[in-house]
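Me: I've just opened this one and I'm new to it. Could you walk me through it with a few questions and answers?

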Amino acid sequence: MRQGVLAEPTDLVKHHPSGAQLRHVVWVLAGLALVFALLAPAAGIPLARAPEFIPMYGSVLIGANLLTGILLLGHVHTGRSRALGILVLGYLLTALIASAHLLTFPGLFADQGVLGGNHQTTPWLHVAWHALFPLFVLGYTRSTDAPPLPPHFMRVGALLIVLVVALLVLVSTSGARWLPPLMDGDRTLPLYHWIAGAILALSVGVLWAIVRKRPRTVLDVWLAVAMAAWVFEIALSCVLNGGMFDLGFYAGRLYGLAAALFVLGALAIDNIALHARLHATFQEMMETRAHAQWHSLLGTVLRQLPDGVLIVDAAGRCVMANDQAGRMAASFAPGAAGAHAGADAGAHTGIAAMLDLIRDPVARAVGGETFHDALLESDHDGVRRTHTVSGAPLRDGAAELAAAVIVVADITERTEASAALARALDQTRYLVENTPLAVIEWNRDRAVTLWNGRAEELFGWRQHEVVGSRIDALPLIHDSDADQVGQMIRRLLDSPTRHAKSRNRNLTRDGRVLCCEWYNSVLVDEAGQILTVFSLVLDVTEREQAMDGLREADQRKDVYIATLAHELRNPLAPIANAASLLRAKSLSPERIEWIAAMVGRQVGQMARLLDDLLDVSRIGRGKIELRRTRVELGRLIRDALQASMSLIESGRHQVALRLVDEPLWADADALRLTQVFANLINNAAKYTPPGGALEIGLRSENGEAVAWVADNGVGLDAGMIERVFDPFVQVGSARHLAQGGLGIGLSLAKGFVELHGGSVHADSDGEGKGATFIVRLPLCEAAEPEAQAEGESAGGAVNGKHILVADDNVDAAESLAWLLRSEGASVTVAHDGAQALRLYHERCADIVVLDLGMPEMSGLEVAAILADKCPRPYLVAVTGRGRQEDHAASLAAGFDHHFTKPVAPQQLIELLRGVEQA
């Protein structure tokens, strides 16, 4: 028989480890330490919350500890070892506390767990669990030479373990509120780390005790591996991490699971080796022909086996069966689910029924043939279990057949694990085929072995066309990136590099160019030889295009800010000159009137600039409101043309007006449509060289009004036609003709037209060949004639009214006060909200003009107080805040009217004249 860690026919509880076993243990410890060294620096990195990990981990851990305890219990019954009994109780304690930990985990089965408590319950159980188990292992190491196990030791110990776990659960749930907190939400507190450090020190000490234990058995070395994994688990999940669901949290629990599985694996391997030991025992018994010793030794072996073993005579009747066979056979007894007969009678009946089900394989074994893995199923109390049956003949003497041995193994868990593995593989295949990433697998020879559906969609080649081809021979890589990709492939194949990321351009089957990110991972075998390379490919073309768009928008923003600064400074120069002129003495009235008109023009230009900016913002946020009426489009276009005549005349342009004879009506906001056509006409006039020709037309087509503005100016190239309606875009080659402006006129026009349910687009044959802008608007029925409006009654005069003006801008407040005094009003001026209230209480005002953003108290707060006065003053807001939300806030505070700075003086005077004397 091959001697090695998996097949050495030794009892791991009693025998010393072989050299091969020690070497494998050293390799396992080195691997655990290496992985720990890699994970330790990153233990505190937060990861995604995965609550489903806890029940999966907990279930496997509980099952592993229970199975380990059960397998060790067989050795306890065999050797009556007090040390093994203590170790079995330790695994029982671990399984029970792990179950309580799972049932109290917050948010898993209930907000505070099934057993109640709070967020401190689970951490305290975790601490108790990891503090108590090392003590049992320490007890195991100190009890090697202790007297044999006393009667009822395991029963009493198990009862005490159950009581201790119940007490721990009671303290950590019902008494959780009195326990010091270990967690703050998902993050651990310093007390938790101090306790964990002490437990880590204890576990290290216990590990050292196992290492020093003499004599050393196979179980001792695998228990040392388990304790090493236990130490790494505590370090990752309790000391180095920062809380739940970070890297240390998950990695530590995987180490804990490894700690449970190492001993379980050793015991399982030992049980597998029992078959070989059984065969050797049978050979020895047949050679010695010592029947008494044969029966005694066979009984001992059978009692240790986790499988059911039956010895049958030549007639196929059972002459001997171990306890496990009796327990298995009980489920085959007729009426087993509800029978009340004795256990021995039930087992005997069940064995007969079980042998009857497998009579043919048993007959072959009795006849001298060996058989393996016959399947046998039972259904007891609604639980279906699967067994494999193997048989071999036994010989009495050299050739005379005496009986056969039948071995029944319960493979229910193994079958379920295989089914689970198959499901996991199916899920993996499903993920590979349905992931949004292209998945490509290729080997060391660079031959493609996997090409998933997303790769077919992304690149265009089908799987059967690619698999088997060299990855570097496919026409995937753009010529400019071929060297870069070749270096990356060579680095993966010829160096220790196991992961590589690259970004390059890729070609599709239909000739498109994609920008892709490649994430490459190399899978190697135990010898370090490359098995395969996985490449995950992400198409980032749209992202790169978006980034290019953002960079272009950023450049446009810089140009816009520079242009805005220029356009705002332009009116300031003549205004500053006007201020200097007004300081001069003996100015004639004509000169003063000229200065005033010039200042008014510059202020109007700045106001229009700011209004355009606000309109662009409102359209983009959907906050603009249209005041719709029935509008005759021909008259509206003539009005827009009249407003633009000064610009047309200064350019000496010829205008051809081609309007349809019959009136065309639209349900529209006349002011906004006038602004649309004025912008289009102004644009045509500005971008047409002097002496050019403009054509403005209107016609009806398919229930729509079609208006156009054409010129023979600088024209547009194909790329600019798509972008000309974007905000802050100006034709670069004709920027010298812009005559100022921010490049938002066409954007405003497009926004207003679309708000009316229409469309606007540009057309041009190229640079220097002019451009045409076409507007389409839905038509409506003609407007009904309106009755002649009555003449407006003259409002009250400003003369004689007392007005309170409050603005923290001293110049703005004083200039408005002088303007109102010139109209005959008496005016009081305040420069903050509190002062305005004091002045109002000293002398009530008929009209109060307030700025909103003042110190002490805002204009909104002052208006809310004055609105409750009786008699109530007329409240007017004059502010730089012009958004729709600002208007709504003013009206809600009690203002009667809201003006946005700068306010035309005549507009304010007309409003105040309409206010009746209080």
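**Cores, strands and a sheet**

Reply: Let's start with the largest nonpolar core, which has 83 residues, and L72, L87, V137, L223 and M227 have the most contacts inside it. A nonpolar core here is a set of buried Ala, Val, Leu, Ile, Met, Phe, Trp, Tyr and Cys residues joined through side-chain atoms within 4.5 Å. Buried means under 20% relative accessible area, exposed over 50%, and partly exposed in between (1.4 Å probe, protein chains only). This is a predicted model, where local features need pLDDT of at least 70, side-chain atom pairs count only at pLDDT 80 or more, and totals for chains, interfaces and linings use all residues. Residues are numbered from 1 along each chain as its sequence is written, and side-chain values use heavy atoms, with hydrogens and water left out.

Me: Which helix gives the largest share of this core?

Reply: Helices and strands are DSSP runs numbered from the N terminus (H or I, at least four residues, for helices; E, at least two, for strands). Helix 1 (19–39) and helix 8 (247–288) are among those that each supply at least two residues of the core. The largest share, 18 residues, is from helix 7.

Me: Which residues does V137 touch, leaving aside its neighbours within four places in sequence?

Reply: Contact means heavy atoms within 4.5 Å. With those neighbours set aside, the partners of V137 are L87, V206, I210, L223 and M227.

Me: Why is strand 8 largely enclosed by the rest of the structure?

Reply: Look at which way its residues point: A438, I440 and W442 go one way, V439 and E441 the other, and all are buried. So strand 8 (residues 438–442) is largely enclosed because its buried residues number 5 of the 5.

Me: What is the bridge partner of W442 in strand 12?

Reply: Two strands pair if DSSP finds at least two bridges between them. Strand 8 and strand 12 (residues 530–539) run antiparallel and are joined by 5 bridges. In strand 12, W442 is partnered by V533.

Me: What is the strand order in the open sheet of 5 strands?

Reply: Its pairing is parallel, and the order is 21-20-22-23-24. Strand 21 (826–830) and strand 24 (897–900) each pair on one side only, so by that pairing the edge strands are strand 21 and strand 24. The order, once again, is 21-20-22-23-24.
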